[in-house]
Amino acid sequence: MRDAWRRAFLGMPSESFLDIMRAYLGGLRTPYRKDELLTQLEAGLKRPETAEFVLSLVDDEDAAALGAIAILEGPPRAALLDFLEGERQDAEARILHLEERLLVFEDRSQRGAPVLRFTPALAESLLRRAC
(Lines give C-alpha, C1' and ligand atoms only; values in the text may rest on other atoms or scores of the structure.)
Protein backbone atom coordinates (compact mmCIF):
# COMPACT_ATOMS: atom_id res chain seq x y z
CA MET A 1 0.00 0.00 0.00
CA ARG A 2 2.93 2.33 0.67
CA ASP A 3 4.01 2.05 -2.97
CA ALA A 4 0.49 2.90 -4.16
CA TRP A 5 0.48 5.94 -1.84
CA ARG A 6 3.82 7.12 -3.20
CA ARG A 7 2.69 6.57 -6.81
CA ALA A 8 -0.48 8.57 -6.12
CA PHE A 9 1.60 11.54 -5.01
CA LEU A 10 4.31 11.21 -7.62
CA GLY A 11 1.63 11.04 -10.34
CA MET A 12 0.04 14.34 -9.30
CA PRO A 13 0.49 17.44 -11.40
CA SER A 14 3.57 19.29 -10.13
CA GLU A 15 1.59 22.30 -8.95
CA SER A 16 -0.74 20.19 -6.78
CA PHE A 17 2.14 18.15 -5.44
CA LEU A 18 4.13 21.25 -4.52
CA ASP A 19 1.11 22.91 -2.88
CA ILE A 20 0.76 19.90 -0.59
CA MET A 21 4.47 19.78 0.16
CA ARG A 22 4.57 23.48 1.00
CA ALA A 23 1.53 23.11 3.26
CA TYR A 24 3.05 20.22 5.20
CA LEU A 25 6.79 20.82 4.95
CA GLY A 26 6.99 24.60 4.72
CA GLY A 27 9.35 26.35 2.33
CA LEU A 28 11.00 24.14 -0.25
CA ARG A 29 14.58 24.40 -1.39
CA THR A 30 15.30 24.21 -5.08
CA PRO A 31 16.27 22.19 -6.85
CA TYR A 32 14.06 19.57 -5.30
CA ARG A 33 13.32 15.94 -6.03
CA LYS A 34 9.75 14.78 -5.65
CA ASP A 35 10.75 11.44 -4.17
CA GLU A 36 12.89 13.13 -1.49
CA LEU A 37 10.09 15.52 -0.56
CA LEU A 38 7.69 12.61 -0.33
CA THR A 39 10.10 10.75 1.95
CA GLN A 40 10.24 13.82 4.22
CA LEU A 41 6.44 14.03 4.27
CA GLU A 42 6.12 10.35 5.11
CA ALA A 43 8.67 10.65 7.94
CA GLY A 44 6.71 13.57 9.39
CA LEU A 45 3.44 11.65 9.22
CA LYS A 46 5.01 8.68 11.04
CA ARG A 47 6.01 10.72 14.08
CA PRO A 48 3.90 9.80 17.14
CA GLU A 49 3.09 13.44 17.88
CA THR A 50 1.80 13.86 14.32
CA ALA A 51 -0.49 10.85 14.65
CA GLU A 52 -1.72 12.14 18.00
CA PHE A 53 -2.46 15.57 16.53
CA VAL A 54 -4.19 14.10 13.46
CA LEU A 55 -6.39 11.92 15.65
CA SER A 56 -7.32 14.86 17.84
CA LEU A 57 -8.90 16.49 14.77
CA VAL A 58 -10.96 13.44 13.75
CA ASP A 59 -14.58 14.11 14.68
CA ASP A 60 -17.45 11.61 14.79
CA GLU A 61 -18.37 12.15 11.13
CA ASP A 62 -14.74 11.66 10.08
CA ALA A 63 -14.62 8.50 12.20
CA ALA A 64 -17.79 7.19 10.52
CA ALA A 65 -16.28 7.72 7.06
CA LEU A 66 -12.96 6.18 8.13
CA GLY A 67 -14.81 3.24 9.67
CA ALA A 68 -16.71 2.72 6.42
CA ILE A 69 -13.43 2.69 4.48
CA ALA A 70 -12.12 0.05 6.89
CA ILE A 71 -15.30 -2.06 6.76
CA LEU A 72 -15.51 -1.89 2.97
CA GLU A 73 -11.76 -2.60 2.72
CA GLY A 74 -10.79 0.19 0.35
CA PRO A 75 -13.98 1.04 -1.50
CA PRO A 76 -14.37 3.00 -4.70
CA ARG A 77 -15.60 6.53 -3.94
CA ALA A 78 -19.10 5.79 -5.27
CA ALA A 79 -19.48 2.72 -3.03
CA LEU A 80 -18.40 4.71 0.00
CA LEU A 81 -20.88 7.47 -0.82
CA ASP A 82 -23.67 4.88 -1.13
CA PHE A 83 -22.65 3.29 2.16
CA LEU A 84 -22.61 6.60 4.01
CA GLU A 85 -26.06 7.53 2.65
CA GLY A 86 -27.55 10.79 3.90
CA GLU A 87 -26.67 13.96 2.08
CA ARG A 88 -24.43 13.04 -0.83
CA GLN A 89 -22.88 16.50 -0.95
CA ASP A 90 -21.97 16.27 2.73
CA ALA A 91 -20.40 12.85 2.24
CA GLU A 92 -18.46 14.03 -0.82
CA ALA A 93 -17.19 17.04 1.09
CA ARG A 94 -16.22 14.81 4.01
CA ILE A 95 -14.20 12.48 1.76
CA LEU A 96 -12.48 15.40 0.07
CA HIS A 97 -11.62 16.84 3.46
CA LEU A 98 -10.10 13.51 4.54
CA GLU A 99 -8.00 13.51 1.37
CA GLU A 100 -6.87 17.11 1.89
CA ARG A 101 -5.80 16.26 5.44
CA LEU A 102 -3.82 13.31 4.02
CA LEU A 103 -5.79 10.75 6.03
CA VAL A 104 -6.87 8.87 2.92
CA PHE A 105 -5.76 8.74 -0.69
CA GLU A 106 -7.14 7.46 -3.96
CA ASP A 107 -5.33 4.28 -4.99
CA ARG A 108 -5.28 3.94 -8.77
CA SER A 109 -2.86 1.01 -8.85
CA GLN A 110 -5.51 -1.65 -9.54
CA ARG A 111 -7.70 -2.14 -12.57
CA GLY A 112 -11.15 -0.66 -12.39
CA ALA A 113 -12.30 2.28 -10.35
CA PRO A 114 -9.78 3.88 -7.98
CA VAL A 115 -10.32 2.95 -4.34
CA LEU A 116 -9.93 4.94 -1.15
CA ARG A 117 -7.30 3.75 1.31
CA PHE A 118 -5.76 5.00 4.53
CA THR A 119 -2.48 6.85 4.25
CA PRO A 120 -0.02 4.10 5.19
CA ALA A 121 1.94 6.17 7.73
CA LEU A 122 -1.30 6.84 9.65
CA ALA A 123 -3.24 3.64 8.92
CA GLU A 124 -2.77 1.95 12.29
CA SER A 125 -3.77 5.05 14.26
CA LEU A 126 -6.73 5.72 11.97
CA LEU A 127 -7.99 2.15 12.31
CA ARG A 128 -7.92 2.44 16.10
CA ARG A 129 -9.92 5.68 15.95
CA ALA A 130 -12.36 4.52 13.28
CA CYS A 131 -13.35 1.21 14.83
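The largest pocket of this predicted model has a volume of about 300 Å³, taken as the space filled by probe spheres set on grid points joined across faces, edges and corners. A pocket is an open set of points on a 1 Å grid over the protein atoms alone, where a 1.4 Å probe fits, with protein on both sides within 12 Å along at least five of seven lines; lining residues have an atom within 4 Å of a point. Of the 16 lining residues, A8, F9, M12, E106 and R108 are the closest to the pocket centre.

Residues are numbered from 1 along each chain as its sequence is written. Local features need pLDDT of at least 70 and side-chain atom pairs pLDDT 80 or more, whereas totals for chains, interfaces and linings use all residues, and side-chain values use heavy atoms, without hydrogens and water.

F9 is also buried, with a relative accessible area of 3% (buried: under 20%, 1.4 Å probe, protein chains only). In the largest nonpolar core, which has 34 residues, F9, M21, L41 and L66 have the most contacts; such a core is a set of buried Ala, Val, Leu, Ile, Met, Phe, Trp, Tyr and Cys residues joined through side-chain atoms within 4.5 Å. Nonpolar side chains tend to be buried together in soluble globular proteins.

One aromatic pair was found, with ring centres required to lie within 6.5 Å and planes counted as stacked under 30 degrees, edge-to-face over 60 and tilted otherwise, using the six-membered ring of Trp. The rings of W5 and F9 have centres 4.9 Å apart and planes at 55°, so the pair is tilted. W5 is likewise buried, at 1% relative accessibility.

Key. Buried means under 20% relative accessible area, exposed over 50%, partly exposed in between (1.4 Å probe, protein chains only).
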